[in-house]
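User: Hi! I am new to reading protein structures. Could you walk me through a few features?
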Amino acid sequence: MDRLKTKKIRVGNIYVGGDSPITVQSMTNTDTRNIDATVSQILRLESEGCDIIRCAVPDMEASDALKYICQQIHIPLVADIHFDYRLALNSIKNGVSALRINPGNIGDKDRIKAVAEAAKEKGIPIRIGVNSGSLEKDILQKYGKVCPEALVESALRHVDILEEFNFNDIVISIKSSNVVQMIESYRLVSKHVDYPLHLGVTESGTVWRGTIKSSIGIGTLLCEGIGDTIRVSLTGDPIDEVKVGKEILKSIGLVSKGIEFISCPTCGRTQIDLINIAKQVEERLVNNNKNIKVAIMGCVVNGPGEAREADIGIAGGNGEGLIFKKGKIIRKVKEEDLVKELLHEIDKL
């Protein structure tokens, strides 16, 4: 699929927009002032493939903690700032790679100018974050409700403020908990600007519901070529956000690194404990970065064909299964040995 051409912006040691790969972001849910807990969580997120991390900065103590957090992690850190422009200035001084602000709640233009000038001096981009729950009163009055046009007008207003101060390293996010509204908002703003777009469905819910809503919203836009970086917002462990984000990219062919895992839904023809086998194999392959397709199939109807299309896989029988590799049957294995033997063959690939 063809991506819309956007400006390429440096965020720490990586790039967002332009011809850069689409990045996956998350946000810590630790108290940023707790340096050890925050660093520990970020390192876990790094191991899952998180590209960019964001931390809440509610006060000056949290802003000061960023200095020591940045020294111990390996991915760009974005400081999430609201209301107090001094937190942004201090976070820049303490080594963050980017800021997330809403210029509308930072204060008067002199304060916004101070943040923009400090960020520009350090080569730090600013993400303008507009949410459906934080629209300006005059825009709400104009449209009478939250709608894509209102969200985009708010975002463009903030862009104009930064551009007024010659600041152009901008990333834009326009998030809504309403999936259709989110999709329409990004479609609309992509017609007005060429700044990189940060995609996400805000407050999408628990891991189950949030994964569904985020996959529809983010996936739809990515398939249309819209979006340069993504964050799946889930109520739960941020690790799940990264896992879902990577899987969204992988499922539509935007990430080639890592295992593509397919398994059948099972039916009355299944004669092995396929659900448990699939779970075991998937868990064991979580951190495996081989570029292969693994198929776990339950019966002889679709199983052999699907497994043959994969690099390696199994097709279940009656208390046993066939292991396929590159379209050829390797051998028949008892059900209790299927997981072990399949993983052994994967290791050999």
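Analyst: Happy to! Buried means under 20% relative accessible area, exposed over 50%, and partly exposed in between (1.4 Å probe, protein chains only). Here R33 counts as partly exposed because its relative accessibility is 34%. This is a predicted model, in which local features need pLDDT of at least 70, side-chain atom pairs count only at pLDDT 80 or more, and totals for chains, interfaces and linings use all residues. Residues are numbered from 1 along each chain as its sequence is written, and side-chain values use heavy atoms, with hydrogens and water left out.

User: Which residue forms a salt bridge with D59?
Analyst: A salt bridge is a side-chain nitrogen of Lys or Arg within 4 Å of a carboxyl oxygen of Asp or Glu. D59 pairs in this way with R33, and their closest N and O atoms are 2.6 Å apart. D59 lies in the loop between β4 (52–56) and α2 (60–70), and R33 in the loop between β3 (23–27) and α1 (35–47), so the pair ties together parts 26 residues apart in sequence. Helices (H or I, at least four residues) and strands (E, at least two) are DSSP runs, numbered from the N terminus.

User: How many salt bridges does the structure hold?
Analyst: There are 23 salt bridges. One network of them links K325, R331, E341, E345 and K348.

User: Is V159 buried or exposed?
Analyst: V159 counts as buried, because its relative accessibility is 2%. This residue sits in helix α6 (residues 148–164). Contact means heavy atoms within 4.5 Å; leaving aside neighbours within four places in sequence, V159 is in contact with I128, I170, I172 and Y195.
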